[in-house]
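This briefing concerns the model displayed below.

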Amino acid sequence: MHAAMTRAWLIGAGPGDVELMTLKATRALAQADVVLVDDLVNPDVLQFASANAQVVYVGKRGGHPSTPQADIVAQMLGHLRAGRSVARLKGGDPFVFGRGGEELQALQAAGIEVDVINGITAGIAAPATLGIAVTHRDYAQGVVFVTGHGAGGGEPDWAALAATRMTLVIYMGMRRLGEIVGALLAAGMSADTPCAAIESATRPEQRHVLAPLREFAEAVVRAGLGSPAIVVIGGVASFALARDAAKRDGRVDHEQAASAIKTLSVGIGCRLHSDAADIEAAVRAALGSNAFEQIHTIATIDAKANEAGLLEFCSRHQLPLQLFSREQIAAAPVASPSAAARAHLGVDGVCEPCALLAAAASVCATIAQNARLVVHKTTHAGITVAIAAASDSAPGDVAPFHPAPQDQDLR
Ligand code: SAH
């Protein structure tokens, strides 16, 4: 092997927002012949990869099994030994709960030199979107990053952690949140301790729940928050509580919205022969806290007019399928995903424009005035979904076209 010719990078892609990737990460990505991508990585970051790069998804979301760790390392070694440079892309920072340490060890043991490129970890980025400074000195002398499921090293000692009085930032904590909260309360942590759970942080579909410790686990379940989410427990979470209280007057009440009339148009981009069940799963995953019952139209490109899975999904829910031409889609005012990301994903970037077009059509007026994206493009099992809402408000008070994540609090 010619070490000088081949290179290996362990790259942090950041928490989701493409702009939170480092310059160094984007430059390394551009040089890689092969890119191995984890499930938490926003596929849009592949716009920085070479158009000729071979992209391999090794994550486990979307109903597919994850690639075993040893296989990932073996794949990397195979490519490197064949003279191909390899970028291993991980969500957040590669060395924070990302198994980056293990991969580095394995590669080094095989005599490979690896460049590690940091990313912004979700444990800092997610709280920051709500104005939570994890080490604000009025509340904490430090912060503890801890995993909520003790795989490997066993259960974290929650009583000992409570005793530190430091901010707790919990990764992978959603599944066992009830038990964690119980253990902290049992250890004497105040039931009034402010808590925050932030799902899909820095992505358009971000949602969060804020509650004192005693109500926290139940509030998270009620809101239907799931993985990936960061949990923050400690006085610093009160910054988010204060901010939400200030916003409350202007906020849309979600329960009210859910019981309201059908306002949502769902744009779908799918491969040929996508399964109705996969489409349904993708739509439900994209909805977040919006109710399925709020959907009034499914929309896609006219080339999919005979797509069996899509037709089956629509008829099952008695939803009309609205079709748009390539020209209409191209004319819709939406920032399309990059060509590179689209090519790698093998799906058309049609979901956002279709959702907008269908929402606008539903109230017979122009897009610019009364359709807005509620959920930007999300990807699930190779199916892209975006959701738009029609609003018949006066042009003056239309929501911004690309609302900031914090304005999407649908709690
Ligand atoms: N290396 C990653 C963490 C990987 S462990 C990092 O540094 O961020 C996976 C966990 O990270 C998830 O279960 C969730 O707790 C958290 N996570 C990753 N991305 C997230 C995001 N965008 N929003 C909220 N939590 C996220």
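**Sheet and cores**

Ala299 stands opposite Gln322 of strand β13. The model is predicted, with local features requiring pLDDT of at least 70 and side-chain atom pairs pLDDT 80 or more, while totals for chains, interfaces and linings use all residues. Residues are numbered from 1 along each chain as its sequence is written, and side-chain values use heavy atoms, without hydrogens and water.

**Sheet**
- β12 (residues 295-301) pairs with β13 in the parallel sense over four bridges; pairing requires at least two DSSP bridges between two strands.
- Strands (E, at least two residues) and helices (H or I, at least four) are DSSP runs numbered from the N terminus.
- An open sheet of five strands, with mixed pairing, runs in the order β13-β12-β11-β15-β14.
- β13 (321-324) and β14 (371-380) are its edge strands, each pairing on one side only.

**Packing helices**
- Helix α11 (residues 308-316) packs on the sheet and touches β11, β12 and β13; contact means heavy atoms within 4.5 Å.

**Nonpolar cores**
- A nonpolar core is a set of buried Ala, Val, Leu, Ile, Met, Phe, Trp, Tyr and Cys residues joined through side-chain atoms within 4.5 Å, where buried means under 20% relative accessible area (1.4 Å probe, protein chains only).
- The largest such core has 26 residues, and Leu184, Phe216, Val220, Val231 and Ile233 have the most contacts inside it.
- Helix α7 gives the most to this core, with five residues.
- A second, separate core has 23 residues, including Ile268 and Ile298.

Terms used: Buried means under 20% relative accessible area, exposed over 50%, partly exposed in between (1.4 Å probe, protein chains only). Axes are lines fitted to C-alpha atoms, for helices over the stretch in contact, and angles run from 0 to 180 degrees between N-to-C directions.
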